[in-house]
Amino acid sequence: MGTLIQNGTVVSSDRSQLLDVLMEGEKIAKVGPGLDIAGHTVVDATGLLVMPGGIDVHTHLDMPFGGTTSADDYTTGTQAAAVGGTTTVIDFALQSQGHTMKEALATWLKKSDNKACVDFSLHMAVTDLGPGDGSQGLREMEEMLAAGISSFKLFMAYPGVLMIDDGLMFKVMQKAAALNALCCIHAENGSAIDIVVAQMIAEGKTAPHYHALSRSPKAEAEATHRAIALADMAGAAVYIVHLSNEYALDELKFMQARGAKALAETCTQYLVLSLEDQMPGKSWEEAKFVFTPPLREKRHQAPLWKALVEGSLSVVSTDHCPFRFADQKELGRGNFTKIPNGGPGIENRLQILWHFGVNAGRITQEKFVELCCTAPARIFGMGKQKGTIAPGLDADILLWDPKAEYTISAATQCMATDYSMFEGWKVQGNAAKVFSRGELVVDNTVQPGKFLGATGRGRFVRREANAGGFA
Ligand code: URP
Ligand code: ZN
Ligand code: ZN
Ligand code: ZN
């Protein structure tokens, strides 16, 4: 006996059709018109869209950063994801300099153990290859792959903490190329930015919006070009994370046109928030919007939307890295360099992209599924398990109500922050029911904002090495 989703419109990345979907156990068993209901529990999806559960490939749960720890742990973070229609997240295990990747993996698996509520995977952020020629670290990359981690994150920013130099980056890229793994890059010129930051502080420019002014779009563009050029030299596939502005986009497109194996994501916030509107330099409240890369001038938004349509940007993620305003952002009052970088967004990604993308006529509903579900699964080596509604795949299914009206507010959100970046925004389109491996884990039509499954039910997803889909 399974669960049959009847009368809904199944949306995939290339078409929308009136089809039924039968879930049996944790898997999708059948997809087709007029499936036989005999013996099955029926879920009526009339008027709803049936989509693959969302996949957010860029989150930071329970992460030590900026002298504190991100406010959502694996429980609150994955519950917030589910309530918003996201059924898989890829978080980052951060290697500490002087320690091994194995230690980082063990630390992050412990953080998630008995806590994750939807399925999750990990990228490994490499900060150190060990002594000498780095062969120890390069061998560890093989072990990571064997453990199901097929993407490696490299930081070109945050000197002294996470940043690595070009030589180390190149070595990791060569190894990634040999392993068919994907290199994910935080692309900003951290050394140049740190000089600007020091100059600003010396001049008494300490308010939150100086964080944004200190990190020029050009510093991101320079690093974006360098990262892709080095990956191209190494023969590696590269994925630029949180691309935020038109100059960086130009570098990406230039290298893509040259044949580099380069992909990139942007994040919800860069599509709808701006320096002018959220960070005019008037109040401490602007600390709520201190994240990296920072908010850009509004004129950068249209090129990002266009790139999503045209395909040079492949994914929309959140870079969910939540800190409470009252006590965590507060650490940087009087000195923007001490404001923990990051914003909360895991719960609102689909609402925002639907409302400002699909409702506004910028993207189709099929493109929405491609950007939020199918491309993330394919690029990150889990397309045989997730990201598409087809027999044999995990029954991670989102029933989306395109008519539902919803007002975003910290007062009703599941995320553990005391603020929302989209406070009071009214959107149309919301998750109605969410199934994770066949289990109804959210029913916003009956118990809005409540996670219905057991804490700890989320499983680690092993991903295969497919060089971002280029292999
Ligand atoms: O501000 C951000 N994005 N914090 C998280 C770390 C990163 O750079 O993604
Ligand atoms: Zn150690
Ligand atoms: Zn980053
Ligand atoms: Zn991030």
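This is a predicted model: local features need pLDDT of at least 70, side-chain atom pairs count only at pLDDT 80 or more; totals for chains, interfaces and linings use all residues.
Eight strands form an open sheet in the order 6-9-10-11-12-13-14-15, and the pairing is parallel. Strand 6, at 54-59, and strand 15, at 315-317, stand at the edges, and because each has a single partner strand, one side of each is left without a neighbour in the sheet. Averaged over this sheet, and with direction ignored, neighbouring strands are turned by 30 degrees against each other. As an example of the pairing inside it, strand 9, residues 86-94, runs parallel to strand 10, residues 119-125, and seven bridges join the two; within that pair, V89 stands opposite F120 in strand 10. Helix 12, which covers residues 349-359, lies across strand 6, strand 9 and strand 15, and its direction makes an angle of about 110 degrees with strand 6.

Now to a residue in one of these strands, namely K153, which lies in strand 11, residues 151-155. The UniProt record, an unreviewed entry, places the feature "modified residue: N6-carboxylysine" at K153. Is K153 buried or exposed in the model? K153 has 24 C-beta neighbours inside 10 Å and therefore counts as buried. Leaving aside residues up to four places away in sequence, K153 touches F92, H123, M124, A125, V126 and C184.

Next, a pair of helices. Helix 2, residues 101-112, packs against helix 3, residues 135-146, at an angle of about 30 degrees, and the two axes are 9 Å apart. On the helix 2 side the contact involves M101, K102 and L105, and these meet E140, E143 and M144 in helix 3. In terms of class, this contact between helix 2 and helix 3 has three nonpolar, no polar and three charged residues.

Let me turn to the antiparallel part around strand 17. As a reminder, strands of a sheet pair through backbone hydrogen bonds, either parallel or antiparallel. Strand 17 spans residues 426-436, and since nine of its 11 residues are buried, strand 17 is largely enclosed by the rest of the structure. Strand 16, residues 397-407, pairs with strand 17 in the antiparallel sense over eight bridges, and E405 has Q428 in strand 17 as its bridge partner. Strand 17 also runs antiparallel to strand 18, residues 439-443, with four bridges joining them, and here F435 stands opposite L440 in strand 18. The hairpin of strand 17 and strand 18 has two residues between the strands, and R437 in this hairpin takes a positive phi near 45 degrees.

Finally, the loop residue I promised. G47 sits in the loop between strand 4, at 41-44, and strand 5, at 49-52. With 13 C-beta neighbours inside 10 Å, G47 counts as partly exposed, the class that lies between exposed, at 12 or fewer such neighbours, and buried, at 20 or more.

Note on methods: Residues are numbered from 1 along each chain as its sequence is written. Chains are lettered from A and ligands numbered from 1 in the order in which they are written. Two strands pair if DSSP finds at least two bridges between them. Axes are lines fitted to C-alpha atoms, for helices over the stretch in contact, and angles run from 0 to 180 degrees between N-to-C directions. Two residues are in contact if their C-beta atoms, placed from the backbone, lie within 7 Å. UniProt positions are given in the numbering used here, feature names are shortened, and annotations may be inferred rather than shown by experiment. Ala, Val, Leu, Ile, Met, Phe, Trp, Tyr, Cys and Pro count as nonpolar, Asp, Glu, Lys and Arg as charged, and the others, Gly among them, as polar.
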